[in-house]
Amino acid sequence: MTVSIRKACLADCRRIGEISARSWQYAYKDILPAAYLAAIHPEDRAERFEKVLSSGSLLLVAESEGTIAGFISGGKCRDKLYPEYDGEVYAIYVDPASVKQGVGTKLMRSLEEQLAAEGMTGIVAWMLAGNEAKYFYEGLGGQKIGEDQFNIEGIAYPEIAYGWKIADK
């Protein structure tokens, strides 16, 4: 699979919304309630990422054969819990049909390059406990650095932070 990475544009948000919705429904099917996942609509997710783009946040897409196969958003770490990790992955999702084909790794490497160019040296990524994406982060050299709770519809779900240094690459 040949994959190229580029900055997203507004025209990409519809496809990004589809990938976000499908990825949540796929990745969290054994973690979150089915009714919650069924209520995730690509259109709502597309609107969310239109706002991300409008805010000036970094949003990259991975294209393969003319189709967006995944995306990543990141920037400065939004909290100060782990000061040695000054960058953060806000979202990374790959179309379930394209997982385990290197798309996520290419997206992450591109984000690392962008953040390093801005002077950042470490990255943190949060995920819900039980998500198999932990193996992806561990494969990148990420180590579990913390835990917290993430509330969805009044229910607290455990989440895990993974962190790694960009310079370790």
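## About the model

The model is predicted, so to speak of local features a pLDDT of at least 70 is needed, side-chain atom pairs count only at pLDDT 80 or more, and totals for chains, interfaces and linings use all residues. Residues are numbered from 1 along each chain as its sequence is written, and side-chain values use heavy atoms, leaving out hydrogens and water.

## Overall fold

Let's start with the big picture. The protein has 5 helices and 7 strands; these are DSSP runs numbered from the N terminus, with helices (H or I) of at least four residues and strands (E) of at least two. Along the sequence they follow the order β-α-α-α-β-β-β-α-β-α-β-β.

The radius of gyration, taken over C-alpha atoms, is 15 Å, which agrees with the value near 15 Å for a compact globule of 169 residues. That globule rule is 2.2 Å times the number of residues to the power 0.38. Along the principal axes, the C-alpha atoms fill a box of roughly 40 × 40 × 30 Å. Contact here means heavy atoms within 4.5 Å. Among contacts between residues at least 6 apart in sequence, 65% join residues at least 24 apart.

## Inside the protein

Of the 169 residues, 47% are buried, where buried means under 20% relative accessible area, exposed over 50%, and partly exposed in between (1.4 Å probe, protein chains only). A nonpolar core is a set of buried Ala, Val, Leu, Ile, Met, Phe, Trp, Tyr and Cys residues joined through side-chain atoms within 4.5 Å. The largest such core has 24 residues, and Ile72, Val89, Met108, Tyr137 and Trp164 touch the most other members. Elements giving two or more residues to this core include strand E3 (67-76), strand E4 (87-94), helix H4 (103-117) and strand E7 (155-165). H4 gives the most, with 5 residues.

Not counting residues up to four places away in sequence, Met108 touches Ile72, Val89, Ile92, Phe136, Tyr137, Leu140 and Trp164. Apart from this core lies another of 23 residues, among them Leu32, Leu37, Phe49 and Val61.

Glu65 sits in the loop between E2 and E3. Although not a glycine, Glu65 has a positive phi of about 55°, and with 78% relative accessibility it counts as exposed.

Glu153 lies in the loop between strand E6 (143-152) and E7. Its phi is also positive, at about 50°, although Glu153 is not a glycine. Glu153 is exposed, with a relative accessible area of 65%.
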